[in-house]
Amino acid sequence: QVEHRVISHYERIRGVKAGVGIVPTLAGRCKGCNMMLSPQAYNELQKGRDLGTCPSCHRIMFFPGEIQSKIA
């Protein structure tokens, strides 16, 4: 049920970034490139409504707490 554009973006970034197309965000930072995110971007990721992308490395980002709650 993932949109085609998201899969395309993931595959493109994964090919360029050593096989890593999706990364967690911790303490307000993208763990792919360690860039500090804006407070607004980090808050949106915490809400879990949309996928975010890092403005620096363009990897898809997720908030780890959101994944944990969906697995449990």
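Reader: Which residues does leucine 26 touch, leaving aside those up to four places away in sequence?
Author: This is a predicted model, and leucine 26 is found in its strand β1. Leucine 26 is partly exposed, with a relative accessible area of 41%. Not counting residues up to four places away in sequence, the contacts of leucine 26 are Lys31, Tyr42 and Pro64.

Reader: How far apart in space are leucine 26 and leucine 37, C-alpha to C-alpha?
Author: Leucine 26 belongs to strand β1. In sequence, leucine 26 and leucine 37 are 11 residues apart. From C-alpha to C-alpha, their separation in space is 10.0 Å.

Reader: What is the order of the strands in the open sheet?
Author: The sheet has four strands and mixed pairing. β2 (29-30) and β3 (52-53) each have a single partner strand and stand at the edges, so one side of each has no neighbour in the sheet. The order is β2-β1-β4-β3.

Reader: In which sense do β1 and β4 pair?
Author: Strands of a sheet pair through backbone hydrogen bonds, and the pairing is either parallel or antiparallel. Strand β1 covers residues 22-26 and strand β4 residues 60-62, with three bridges between them. Proline 24 stands opposite phenylalanine 62 in β4. The sense of the β1 and β4 pairing is parallel.

Reader: At about what angle does helix α2 run to β1?
Author: Helix α2 is made of residues 39-47. This helix lies across β1, β3 and β4. Its angle to β1 is about 110°.

Reader: What kind of aromatic pair do tyrosine 42 and phenylalanine 63 form?
Author: The structure holds one aromatic pair. In that pair, tyrosine 42 and phenylalanine 63 are 5.7 Å apart centre to centre, with 80° between the planes. Planes over 60 degrees apart fall in one class, so the pair of tyrosine 42 and phenylalanine 63 is edge-to-face.

Reader: How many residues apart in sequence are the parts that this pair ties together?
Author: Tyrosine 42 lies in helix α2, while phenylalanine 63 is in the loop between β4 and α3 (64-71). Phenylalanine 63 touches Thr25, Tyr42, Leu45 and Gln46, with residues up to four places away in sequence not counted. The parts tied together by the pair are 21 residues apart in sequence.

Reader: Is tyrosine 42 buried or exposed?
Author: The cut-off for buried is under 20% relative accessible area. Tyrosine 42 has 16% relative accessibility. Tyrosine 42 is also one of the nine residues of the largest nonpolar core, together with Val23, Cys30, Leu37, Leu45, Cys54, Cys57, Met61 and Phe63. Tyrosine 42 therefore counts as buried.

Reader: How many disulfides are there by the distance rule?
Author: A disulfide needs cysteine sulfur atoms within 2.5 Å. For cysteine 54, which is buried at 0% relative accessibility, the nearest cysteine sulfur is that of cysteine 33, 3.6 Å away. Cysteine 57 is buried as well, at 3%, and its sulfur is 3.7 Å from the closest cysteine sulfur, in cysteine 30, too far for a bond. The count of disulfides is zero.

Reader: What is the phi of alanine 27, near which value?
Author: Most residues other than glycine have a negative phi. Alanine 27 has a positive one. Alanine 27 sits in the loop between β1 and β2 and counts as exposed at 67% relative accessibility. The phi of alanine 27 is near 55°.

Reader: Where is histidine 58 found?
Author: Histidine 58 has a positive phi, near 70°. At 41% relative accessibility, histidine 58 counts as partly exposed. Histidine 58 is found in the loop between β3 and β4.

Reader: Which residues does histidine 9 touch beyond four places in sequence?
Author: Histidine 9 lies in helix α1 (residues 4-16). Its relative accessible area is 18%, so histidine 9 is buried. The residues touched by histidine 9 are Thr53, His58 and Ile60.

Reader: What distance separates the C-alpha atoms of leucine 51 and valine 6?
Author: Leucine 51 is in the loop between α2 and β3 and is exposed at 52% relative accessibility. Leucine 51 touches Val6 and Ile60, residues up to four places away in sequence aside. Leucine 51 and valine 6 are 45 residues apart along the chain, and their C-alpha atoms are separated by 8.8 Å.

Methods
Residues are numbered from 1 along each chain as its sequence is written. This is a predicted model: local features need pLDDT of at least 70, side-chain atom pairs count only at pLDDT 80 or more; totals for chains, interfaces and linings use all residues. Side-chain values use heavy atoms; hydrogens and water are left out. Two strands pair if DSSP finds at least two bridges between them. Helices (H or I, at least four residues) and strands (E, at least two) are DSSP runs, numbered from the N terminus. Contact means heavy atoms within 4.5 Å. Axes are lines fitted to C-alpha atoms, for helices over the stretch in contact, and angles run from 0 to 180 degrees between N-to-C directions. Buried means under 20% relative accessible area, exposed over 50%, partly exposed in between (1.4 Å probe, protein chains only). Rings of Phe, Tyr and Trp (its six-membered ring) pair if their centres lie within 6.5 Å; planes under 30 degrees apart count as stacked, over 60 as edge-to-face and the rest as tilted. A nonpolar core is a set of buried Ala, Val, Leu, Ile, Met, Phe, Trp, Tyr and Cys residues joined through side-chain atoms within 4.5 Å.
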